[in-house]
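Okay everyone, thanks for coming.

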Amino acid sequence: MILSGRTDYARNNHDTIRSLKRFYKKPVLHMREINVTFLDKYEVFLRSRGGTNGGIAVCMRSLRIIINLVIRIDLIKQNLYPFHKHKISKHRGKRIKHPLTIAEIAFFKNVDCEEDIQYSNTKNYFLFSFYTRGINFTAIIRLRWSEIINQRVTYDGLKHRAISL
């Protein structure tokens, strides 16, 4: 994974394997030992160490990927797959949305990003989305100049007026 440039993915799997070693504490973990009971106990272990729903879901997804790989290369049978009954979606966290204040938007607007074109573009996309009352990125990239008439942006059949601070 590292050689193919997927360093975050590799780091997640490495972290999961390291936490499994702390949890299991035996020199060898056989894949057939990973069942629903094992996953439930592993979840309790992760929570006892301060794990959040999001972090637990990352560990479980990494473990699921490893198990899928082991099944694919015929090291264990499909009937030993524990994720039929242990659903990762139950770990989905509830995001708390914190809207930015007008002062924070103004501060962001004045940040100098001209040295880095990627930061500059990101800043401009964000501000455009803000000024058009939350237009999403997909709608932005589909916009045409012909959809901007008299300082109004029309997309998906809706009219939105650009707002300035």
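Let's start on the surface: Leu100, Ile102, Phe126 and Phe130 make a nonpolar patch there, with about 360 Å² of accessible area together. A patch here takes residues with over 30% relative accessible area and no salt bridge, joining nonpolar side chains (Val, Leu, Ile, Met, Phe, Trp, Tyr) within 5 Å and like charges within 9 Å. The areas are Shrake-Rupley values with a 1.4 Å probe, and a salt bridge is a Lys or Arg side-chain nitrogen within 4 Å of an Asp or Glu carboxyl oxygen.

Quick background: this is a predicted model, where local features need pLDDT of at least 70 and side-chain atom pairs 80 or more, while totals for chains, interfaces and linings use all residues. Numbering runs from 1 along each chain, and side-chain values use heavy atoms, leaving out hydrogens and water.

Back to Ile102, which sits in helix 4, residues 102–109; helices are DSSP runs (H or I) of at least four residues. Ile102 counts as exposed because its relative accessibility is 55%, and the cut-offs are over 50% for exposed, under 20% for buried, partly exposed in between.

Now, which residues does serine 120 contact, beyond its neighbours within four places in sequence? Cys113 and Glu114, with contact meaning heavy atoms within 4.5 Å. Ser120 belongs to helix 5, residues 117–131, and is buried, at 8%. Cys113 is buried too, at 16%.

Cys59 is buried as well, at 12%. Tyr42 touches Cys59, and also Met60 and Phe23, among others. As for disulfides, meaning cysteine sulfur pairs within 2.5 Å, the count is 0.

How values were computed:
Helices (H or I, at least four residues) and strands (E, at least two) are DSSP runs, numbered from the N terminus. Buried means under 20% relative accessible area, exposed over 50%, partly exposed in between (1.4 Å probe, protein chains only).
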